[in-house]
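Subject: Structure handover

Hello,

Please find the structure below, together with its sequence. My notes on it come after.

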Amino acid sequence: MIKVNTTLTDTFSKQLATLAQGINSHVIRSTARAGALEYYNTLMKNVPIGPTSNLKNSLYHAYADDASSKSYKEYQVGFRGNYGKVNKDAKEVPFGSSSHLHLVEFGHIQRYQMKIKKDGTWVTLVRPSKMGTGKPNPKNASQAEMDAYYIPLKTPIQRQGSGFVRRSFDEAKNLAPNAMAKRATERLAELINNPSLANAYVS
């Protein structure tokens, strides 16, 4: 039987610690972003473009600082629900809104007459007798209340859904693992060749 005892030098121990630290800061986050970008880019490619491009402009990907930790990094890809403001003194800027995303994705029945405003947005036409009155909340108003407020079409129109979110997810989930593996290999090689990158984040 052969017994081998090994003792790590202080220098080598420090190098291993630096490498571990670098993997957390230099490799893991960059790898997570590579996967997120596949979902973001695929959604951006497939998103239907309307007159205002609101839905496309609402798409984002961002590092989830609150959900991440030293050894776990999370990026989120999604759609902003509403418009945002740059700061308290700024006017509203059109980041884009996904408030009608479900209608685009799954389709819907159009029951009321609509028109396009000069800025490209759609509005539902209100009965003249209801102008200036409070509009019903579609979440809890009855069909009769909605019909009494808006001008119905003679025949409702079935608008088909695009299913672009589901289609994009299916496409990206096959691309993300390879993109992440490639990015991890690149970043790890950089770190091994240059340990000073241990505290550096690169996208």
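The notes cover the pocket, a surface patch and the salt bridges.

Please keep in mind that this is a predicted model.

The largest pocket has a volume of about 1,900 Å³. Its lining counts 44 residues, and those closest to the centre are His100, Leu103, Met114, Trp122 and Thr124. Two or more lining residues come from each of helix 2 (54-58), helix 3 (101-106), strand 3 (107-112), strand 5 (122-124), helix 4 (143-149) and strand 6 (152-160). Strand 3 gives the largest share, 5 residues. By type, the lining divides into 20 nonpolar, 20 polar and 4 charged residues.

Surface patch

Met114, Ile116 and Trp122 make a nonpolar surface patch of about 300 Å². Trp122 belongs to strand 5, and both Met114 and Trp122 are also listed among the residues closest to the centre of the largest pocket.

Salt bridges

The search of the whole structure gave 6 salt bridges.

Lys45 and Glu171 form a salt bridge through their side chains, at 2.4 Å from N to O. This pair links distant parts of the chain, with Lys45 in helix 1 (residues 10-46) and Glu171 in helix 5 (residues 164-193), 126 residues apart. Lys45 is exposed, at a relative accessible area of 53%, whereas Glu171 is partly exposed at 28%.

Glu105 and Arg166 also meet in a salt bridge, at 2.7 Å from N to O. Because Glu105 lies in helix 3 and Arg166 in helix 5, the pair ties together parts that are 61 residues apart in sequence. Glu105 has a relative accessible area of 4%, so this residue counts as buried, the cut-off being under 20%.

The side chains of Lys182 and Glu186 form another salt bridge, with an N to O distance of 2.7 Å. Here both residues are in helix 5; they are 4 residues apart, so about one helical turn separates them. Lys182 is exposed, with a relative accessible area of 53%, and Glu186 is partly exposed at 32%. Arg183 comes in as well: salt bridges with shared partners join Lys182, Arg183 and Glu186 into one network.

Regards

Note on methods:
Residues are numbered from 1 along each chain as its sequence is written. This is a predicted model: local features need pLDDT of at least 70, side-chain atom pairs count only at pLDDT 80 or more; totals for chains, interfaces and linings use all residues. Side-chain values use heavy atoms; hydrogens and water are left out. On a 1 Å grid over the protein atoms alone, a cavity is a set of points where a 1.4 Å probe fits but cannot get out, and a pocket is an open set with protein on both sides within 12 Å along at least five of seven lines; lining residues have an atom within 4 Å of a point. Grid points are joined across faces, edges and corners, and a volume is the space filled by probe spheres set on the points. Ala, Val, Leu, Ile, Met, Phe, Trp, Tyr, Cys and Pro count as nonpolar, Asp, Glu, Lys and Arg as charged, and the others, Gly among them, as polar. Patches are made of residues with over 30% relative accessible area and no salt bridge: like charges are joined within 9 Å, nonpolar side chains (Val, Leu, Ile, Met, Phe, Trp, Tyr) within 5 Å. Accessible areas come from the Shrake-Rupley method with a 1.4 Å probe; for residues, only the protein chains shown count as cover. A salt bridge is a side-chain nitrogen of Lys or Arg within 4 Å of a carboxyl oxygen of Asp or Glu. Buried means under 20% relative accessible area, exposed over 50%, partly exposed in between (1.4 Å probe, protein chains only).
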